[in-house]
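Student: I have a protein model open and want to learn to read it. Where do I begin?
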Amino acid sequence: MYWYKRPYKIGKAAMVITMAALVFACSEQTAQVEHFASKQLDIPAFFTTEIARLSAEKPEVIKTVKKDSIAETKDIKIDNWENELASFLTVDINKPAYAGYLKKDSVDRRVTYHSTNPKLDLKLVEITYNDKGQPITFRIDRNIDNLLYDTEETLHYQKDVGYQLEKRQHVLLLGDKYYHISGKIKQ
């Protein structure tokens, strides 16, 4: 009879190990999703690293500058990436002024921060991560409103592809202005 009970114990042990492996696999997938959702990226540090990388690589860029209805496109090598990406460096979701006012939402590898306070300049930050958890795409919407001017600004950045800055501005006594700057990295 002893030999008959033994397979039952082995089968029970195999079932317990299988169940434990399934629970572990599910918790690992949940942890990966939570990792993307809980990440509080230091955006200025990311762009400081990108500026250093682009300065070292010196890629050729197809740059288009448009002011109101006048546009110009050139193939150039950018000498000062810090100046070129300065608008991205000023965005910091970790500022104390934003504490408690940014609603965080995440789907798949995209994390979005929406402002819940209409008085804040930052309206939206959307960050897409690759499968290794590294940020690759940014979209930032800002609105600055004061007595002298009202500015709506949209910033896009895609690593190794390029960037865009779009700005609509109403300046007291000067009227409306529109700016669009894009840089596409030549492959």
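Tutor: Keep in mind that this model is predicted. Begin with the elements. The chain has four helices and nine strands.

Student: In what order do the elements run from the N terminus on?

Tutor: They run α-α-β-β-α-α-β-β-β-β-β-β-β.

Student: Next, the inside. What tends to be buried together in soluble globular proteins?

Tutor: Nonpolar side chains do. Here, 29% of the 187 residues of the chain count as buried. The largest nonpolar core has 28 residues. I43, L85, F88, V125 and Y157 touch the most other members.

Student: Which elements give two or more residues to this core?

Tutor: They are α2 (43–57), β4 (110–115), β5 (122–129), β6 (135–145), β7 (149–158) and β8 (162–171). The largest share comes from α2, with five residues.

Student: Which residues is V125 in contact with, leaving aside neighbours within four places in sequence?

Tutor: Find I43, V91, I93, V111, T112, Y113, R139 and I140.

Student: And empty space? How is that shown?

Tutor: Roll a probe the size of a water molecule over the atoms, and it shows where empty space is left. In this model, the largest pocket has a volume of about 190 Å³.

Student: Which residues line the largest pocket?

Tutor: K63, N83, E84, A86, S87, E153, L165, E166, K167, Y179 and I181. Two or more of the lining residues come from each of α3 (81–84), α4 (86–89), β8 and β9 (175–185). β8 gives the most, with three.

Key:
Residues are numbered from 1 along each chain as its sequence is written. This is a predicted model: local features need pLDDT of at least 70, side-chain atom pairs count only at pLDDT 80 or more; totals for chains, interfaces and linings use all residues. Side-chain values use heavy atoms; hydrogens and water are left out. Buried means under 20% relative accessible area, exposed over 50%, partly exposed in between (1.4 Å probe, protein chains only). A nonpolar core is a set of buried Ala, Val, Leu, Ile, Met, Phe, Trp, Tyr and Cys residues joined through side-chain atoms within 4.5 Å. Contact means heavy atoms within 4.5 Å. On a 1 Å grid over the protein atoms alone, a cavity is a set of points where a 1.4 Å probe fits but cannot get out, and a pocket is an open set with protein on both sides within 12 Å along at least five of seven lines; lining residues have an atom within 4 Å of a point. Grid points are joined across faces, edges and corners, and a volume is the space filled by probe spheres set on the points.
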